[in-house]
Amino acid sequence: LDNAGNKTADIYGGQPLSQASVQTRGLALKIVARNVLAELHPNSDIEEAKPGLRINGARRGQHQAEFDWLLNGRRVACKSSQLKRATQRWQFQFSGIKLPCNGIRETAAFDKLLLVLHSPMKIHIIQHDLSFGVSSMGVSTGPKGHGITVAAGQKHQHWNEALANILHKFQGGRSNCKLLAEHSVDDSQVAAALSKVHGPNWKDIYGGDR
């Protein structure tokens, strides 16, 4: 196999989303996911979540809200992850998933969870089933939430093969997750999302016309 497909640092090249900070990429991918929701529910109301208060009574920042949008009154959370190499496997890893936790939360902090998977060529948006790939984060689970990790089989060493294997896992077997949409990383919606985060001169930040 081509070694360029085997290391995280090599597979993204100069792709604007990969060059963005984790926070900027996350904001842009949430915009893309929100647009998908709007397309799937054209007659529905989608509202930004109100941040609410911390346990100590202090007001949360907008980015610290426990979910992202209200869709016809139902709470929707959105998390994103970039395909990365971890030890001998490619995987997507999500954190801050506030599912029920004994003594902390009797119910999840949201009603619907969207996962945005960012890989070198595509963005896949999946509605999660609230159980597949979920793991405890030890003592951090209460305050910070659970994690979700979905990894390719070890035999899938090239990222492209690994991505196909991971998508297969999300959509079959023990999973009841659902693929809602996919976009090319060069899609106009992605460019519009980056422009909304960075302003109209976002191309200058990452170099070149993309």
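What follows is a short exchange on how terms are applied to this predicted model.

The model is predicted, so local features need pLDDT of at least 70 and side-chain atom pairs count only at pLDDT 80 or more, while totals for chains, interfaces and linings use all residues. Residues are numbered from 1 along each chain as its sequence is written, and side-chain values use heavy atoms, with hydrogens and water left out.

Me: What makes F132 and F170 an aromatic pair, and why is it called edge-to-face?
Reply: Rings of Phe, Tyr and Trp (its six-membered ring) pair if their centres lie within 6.5 Å; planes under 30 degrees apart count as stacked, over 60 as edge-to-face and the rest as tilted. F132 and F170 are 5.8 Å apart centre to centre, with 65 degrees between the planes, so they form an edge-to-face pair.

Me: Which parts does this pair tie together?
Reply: F132 lies in the loop between β7 and β8 (134-135) and F170 in helix α5, so the pair links parts 38 residues apart in sequence.

Me: Why is F132 called buried?
Reply: Buried means under 20% relative accessible area, exposed over 50%, partly exposed in between (1.4 Å probe, protein chains only). F132 has 9% relative accessibility, so it counts as buried. F170, at 0%, counts as buried too.

Me: How do you know that β2 and β3 pair?
Reply: Two strands pair if DSSP finds at least two bridges between them. Strands β2 (residues 69-71) and β3 (residues 74-82) are joined by 3 bridges, so they pair, and they run antiparallel. W69 stands opposite V76 in β3.

Conventions. Helix = DSSP H or I, 4+ residues; strand = E, 2+ residues; numbered from the N terminus.
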